[in-house]
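Hi there,

Here is the structure I promised to pass on. Have a look at it first, and my notes follow below.

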Amino acid sequence: MVYWGLFVSSFLAATILPVASEAVVATLIGTGYDPWICLFVATAGNSLGGLLNYGMGYLGNPKWLLKIGVTVDKLSSWEEKIKRYGIWLALFTWLPFIGDVIGVALGFFRVNFFWSMVFTVIGKFMRYAVLIYLIVFWKASF
């Protein structure tokens, strides 16, 4: 049951909602839950949240973006970045604030879905792997 909470918090953390899944991971590891299970559950939840962002971008309409204040210049700027770096940007969808925008932009500009998801999962896995390693290392030193 606890792992479902981690999954949900990780999923929500990948959206625009201000949820700190790192705190949930740290709490679970700190109280003795299995680091490997936490790693895979958090990665799965956060990656599916990234899929949601991609899907929102894919379904997005440029007219909607203009209505919520996104300028044509901003769209052009993101299009340049997407054309220049493509799927490699998906490695950075784990970043706070900008990661959600990257995921939406990947979908909006129709970057290859399969590779976008592969690199999204890799980036999110690495983020949680480093976090969990640091928590386990810190915990072992006390």
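How many positive and negative side chains does the protein chain have, and how far apart do the centres of the two sets lie? There are 10 positive and 6 negative side chains, and the two centres lie 4 Å apart. In that count Lys and Arg are positive and Asp and Glu negative, while His and the chain ends are not counted. The place of each charge is taken as NZ of Lys, CZ of Arg, CG of Asp or CD of Glu.

Please keep in mind that this is a predicted model, in which local features need pLDDT of at least 70 and side-chain atom pairs count only at pLDDT 80 or more, while totals for chains, interfaces and linings use all residues. Residues are numbered from 1 along each chain as its sequence is written, and side-chain values use heavy atoms, with hydrogens and water left out.

Now the overall picture. The protein chain has seven helices and zero strands (DSSP runs numbered from the N terminus: H or I of at least four residues for helices, E of at least two for strands). Its C-alpha atoms fill a box of roughly 55 × 25 × 25 Å along the principal axes. Of the 142 residues, 35% are buried (under 20% relative accessible area; exposed is over 50%, and partly exposed is in between, with a 1.4 Å probe and protein chains only). Among contacts (heavy atoms within 4.5 Å) between residues at least 6 apart in sequence, 79% join residues at least 24 apart.

Helix 6 (residues 98–108) is mostly covered, with eight of its 11 residues buried. Among them are G99, D100, I102 and F108. The cover includes helix 1 (2–13), helix 3, helix 4 (62–67), helix 5 (72–85) and helix 7. After helix 6 comes R110, which has a positive phi near 60°.

Leaving aside residues up to four places away in sequence, S47 touches V121 and K124. S47 and F125 are 78 residues apart in sequence, yet 8.6 Å apart in space from C-alpha to C-alpha.

Helix 3 (35–59) and helix 7 (113–140) each supply at least two of the patch residues, and the largest share, three residues, comes from helix 7. F113 is partly exposed, because its relative accessibility is 41%.

Which charged side chains pair up? The structure holds two salt bridges (a side-chain nitrogen of Lys or Arg within 4 Å of a carboxyl oxygen of Asp or Glu). In one of them, R127 meets E22 at 2.2 Å, N to O. That pair links distant parts of the chain, with R127 in helix 7 and E22 in helix 2 (residues 21–30), 105 residues apart. R127 counts as buried, because its relative accessibility is 15%, whereas E22 is partly exposed at 29%.

K83 also forms a salt bridge, with E79, and the closest N and O atoms are 3.6 Å apart. Both lie in helix 5, four residues or about one turn apart. Here K83 is exposed at 66%, and E79 is partly exposed at 32%.

Best wishes
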